[in-house]
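Thanks, everyone. Let me put the chain up, and then we'll walk through a few spots.

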Amino acid sequence: MRSTQLALAEHPFSTANLLLVLGACAAAVVLLMVVTALIGRAQGRVAVVDTAWPLGFLVIAVVASALGDGVWWRKVLVFVLVAVWAGRLAWHVSSRNKGKGEDPRYEKLLSAVPEDKRFQYAVVRVFITQGVAMWFVSLPVQVSATTGDGVWWIAVVGAVVWAVGLWFESTGDRQLKEFKADPANKGKVMDKGLWAYTRHPNYFGDFTVWWGLYLVACTTWQGALTILSPAAMAFFLIVATGGRLLEREMAKRPGYPEYQQRTSFFIPRPPKSA
């Protein structure tokens with residue numbers, strides 16, 4: 001108890017420092033999205049934002065850890081967790097999209113807009129929207145960089161949850177990549193490995209990663225107040241831009257309705273018997 005009190009005395013929470021971190025991270029996100037939008041315009045591809053998405057969280061983690069006056073061990077922990085997750089996802093997305101044209105999602109979004117106004121429309125609907133979402137979802141990262149020690153074992157639980165999420169996300173991505181690389185699987189529905197237990201193991205993994213990071217922030221009461229951030233990420237992954245949106249098109253593929261009937265949508269569970 002005494003050691004916790006001393007730690008809190010050494011790292012008192014400062015509203016001014018929190019506002020500094022929040023503002024600096026917002027400015028970093030704006031700069032990143034401006035650069036990303038310009039690259040997208042030069043390449044004629046809005047999909048470049050998909051690589052910028054994880055890298056933006058890494059930028060936020062760098063800024064927050066550099067400017068935050070919080071306890072050092074949690075700043076290091078959060079930075080490492082975000083860096084590993086963001087680096088892997090950015091590499092996966094960039095290698096997947098290399099040499100390809102526009103993503104069908106963005107093609108559909110921009111199809112009803114006159115060609116001379118598509119860039120402006122994409123700036124509002126894609127780049128600004130994702131920038132705001134990025135800043136809001138990352139609030140546990142930002143706030144945790146400004147707070148004291150707190151309850152250390154909650155951070156351990158959070159790191160374990162994060163690790164489970166990263167394993168699900170990376171394993172699901174790898175299994176799908178290997179499945180698509182086999183010409184014998186053309187036209188088939190992926191229902192092997194983790195994909196036999198959930199139709200979206202990569203999204204479930206991402207979901208778990210961000211709840212893990214939230215738990216790390218929950219070592220202090222200030223971090224616990226950011227609960228709407230992982231909830232927002234869950235909404236994006238399940239409803240807004242994730243599983244539900246993807247399945248509107250996937251449901252039209254032969255064999256996919258049957259896959260939907262036997263396999264859990266999101267939370268992993270054993271498949272139903274035929």
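Predicted model: local features only at pLDDT ≥ 70, side-chain atom pairs only at ≥ 80, totals over all residues.

Now back up into α2 itself. This helix has 29 residues, 15-43. How far apart are its end C-alpha atoms? They are 42 Å apart, and 1.5 Å a residue predicts a span of 42 Å, so the two agree.

What is buried along α2? The list is N17, L18, V21, L22, C25, A28, V29, L32, M33, T36, A37 and G40. Look at the spacing. Residues three or four places apart point the same way, because an α-helix has 3.6 residues a turn. The cover over the buried residues of α2 includes α3 (48-67), α6 (118-137) and α7 (139-144).

R41 puts its charged end over the ring of F119, 4.6 Å from the centre.

T219 sits in the loop between α9 and α10 (221-224). Is T219 buried or exposed? Its relative accessible area is 3%, so T219 counts as buried. Its side chain makes a polar contact of 2.9 Å with the side chain of R74. The T219 side chain also reaches the backbone oxygen of V216, at 3.1 Å. Leaving out neighbours within four places in sequence, T219 contacts W73, R74, D149, G150, V151, W152, I154 and A155.

Next, another loop residue. H200 is in the loop between α8 (152-181) and α9 (201-217). At 2% relative accessible area, H200 is buried. Which residues does H200 touch, beyond those up to four places away in sequence? W195, G243, L246, E247, Y256 and F265. With E247 there is a side-chain to side-chain polar contact of 2.8 Å.

E247 and M250 bring us to α12, residues 243-250. Its buried residues are G243, E247 and M250. They cover an arc of only 55° around the axis, so they fall on the same side of α12. Their packing partners are α9, α11 (228-240) and α13.

Last topic: the rings. The count is 14 aromatic pairs. Take W167 and F168. Their centres are 5.4 Å apart and their planes stand at 90°, so this pair is edge-to-face. W167 is partly exposed, because its relative accessibility is 48%. F168 is buried, at 13%.

Compare F204 and F266. This pair is edge-to-face too, with 5.8 Å centre to centre and 75° between planes.

Ring pairs link W167, F168, F204, F207, W211, Y214, F265 and F266. F265 is also one of the residues that H200 touches.

That's the tour. Questions welcome.

How values were computed: Residues numbered from 1 in each chain as written. Heavy atoms only, no water. Helix = DSSP H or I, 4+ residues; strand = E, 2+ residues; numbered from the N terminus. Expected span 1.5 Å × (residues − 1). Buried < 20%, exposed > 50% of the residue type's maximum accessible area, 1.4 Å probe, protein only. Contact = heavy atoms within 4.5 Å. Polar contact = N/O pair within 3.5 Å; in protein donor to acceptor, adjacent residues only side chain to side chain. Phe/Tyr/Trp six-rings, centres within 6.5 Å; stacked < 30°, edge-to-face > 60°. Lys NZ or Arg CZ within 6 Å of the ring centre and 35° of its normal. Arc of directions from axis to C-beta.
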